[in-house]
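Reader: I am new to this structure. Please take me through one part closely, and then show me what lies around it.

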Amino acid sequence: QGASTVEVDLHFTKDGHPVLLHDYTVDRTSDGTGEIKSLMLREVKTLDFGVKYGYQGARIPTLDEAVDSIKKLNLFMFLELKSVDRQGISKITEMFAKDQSLYDRIIVISFYPDIIYEV
C-alpha cells in the first residue's frame, strides 16, 4: 500500500526557484557542494542526489514538480518552511490562491509561528 503522506523542506535557489531539500547545502546528499541558496536552478538540476546512496540519476524536485506528483499519486504533504523568509511565504500563498484544492492536500509547518499565522 505505501505511505499516504510525505514531509518535505522548502529552500530557494539563487535565482528564486523553490526546491525540496532537507539540508541547507547539497554537500551531504549529492555529488555537488555549496549552499542551495548560492546555486542556480540549472546547476542544481545537474547534481545527482542518488550517487552517494548507491544509485544514480536522482534529481532534486522543484516545489511545482512535487505538487504535481502528490496530486497524481493522491498523496498528502507536510511542507516545512525552514526559515523566516518573505520569498517562501509569498510562494506558498500564491500557490494556494492559484489552486485551492491544495488546502485539502498540503499542510504548511514551521518552527516559526509567525510564518504559520501569515500563510
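Author: Leu-39 sits in the loop between strand S2 (18–20) and H1. The model is predicted. Is Leu-39 buried or exposed? Its relative accessibility is 13%, so Leu-39 counts as buried, because buried means under 20%.

What does Leu-39 touch, leaving out residues up to four places away in sequence? Its contacts include Thr-13, Lys-14 and Asp-15. Val-26, Thr-33 and Gly-34 are also among them. Now take Tyr-53. Leu-39 and Tyr-53 are 14 residues apart in sequence. In space, their C-alpha atoms are 22 Å apart.

Val-44 leads on to another residue. Ile-60 is found in the loop between helix H1 (41–44) and helix H2 (63–72). Ile-60 is buried, because its relative accessible area is 3%. The C-alpha atoms of Ile-60 and Asp-15 are separated by 15 Å. Along the chain, Ile-60 and Asp-15 are 45 residues apart.

Next come the charged side chains. Side chains of opposite charge can pair when their charged atoms come close. How many salt bridges does the count give? The count comes to six.

One of them joins Lys-82 and Asp-9, at 3.6 Å from N to O. This pair links distant parts of the chain, 73 residues apart. Lys-82 is in the loop between strand S3 (76–81) and helix H3 (86–98). Asp-9 is in strand S1 (residues 5–12). Both Lys-82 and Asp-9 are buried.

The side chains of Lys-91 and Asp-64 meet at 3.6 Å, N to O. Lys-91 lies in helix H3 and Asp-64 in helix H2, so the pair ties together parts that are 27 residues apart in sequence. Lys-91 is buried, with a relative accessible area of 15%. Asp-64 has 43% relative accessibility, so Asp-64 counts as partly exposed.

Lys-71 forms a salt bridge with Asp-99. Their closest N and O atoms are 2.6 Å apart. Lys-71 is in helix H2, and Asp-99 is in the loop between H3 and S4, so this pair ties together parts 28 residues apart in sequence. Lys-71 is partly exposed, with a relative accessible area of 37%.

Now the aromatic rings. Arg-105 lies over the face of Phe-76. The distance to the ring centre is 5.4 Å. For aromatic pairs, the count comes to one.

Last, the surface. Which residues form a nonpolar patch there? Val-84, Phe-111 and Tyr-112 do, with about 370 Å² of accessible area together. Phe-111 lies in the loop between strand S4 (106–109) and helix H4 (113–118). Phe-111 counts as exposed because its relative accessibility is 72%. Leu-39, where we began, counts as buried at 13%.

Definitions and conventions
Residues numbered from 1 in each chain as written. Predicted model: local features only at pLDDT ≥ 70, side-chain atom pairs only at ≥ 80, totals over all residues. Heavy atoms only, no water. Patch = residues over 30% accessible without salt bridge, like charges linked within 9 Å, V, L, I, M, F, W, Y side chains within 5 Å. Areas by Shrake-Rupley, 256 points an atom, 1.4 Å probe, with all protein chains shown as cover. Salt bridge = Lys/Arg side-chain N within 4 Å of Asp/Glu carboxyl O. Helix = DSSP H or I, 4+ residues; strand = E, 2+ residues; numbered from the N terminus. Buried < 20%, exposed > 50% of the residue type's maximum accessible area, 1.4 Å probe, protein only. Phe/Tyr/Trp six-rings, centres within 6.5 Å; stacked < 30°, edge-to-face > 60°. Lys NZ or Arg CZ within 6 Å of the ring centre and 35° of its normal. Contact = heavy atoms within 4.5 Å.
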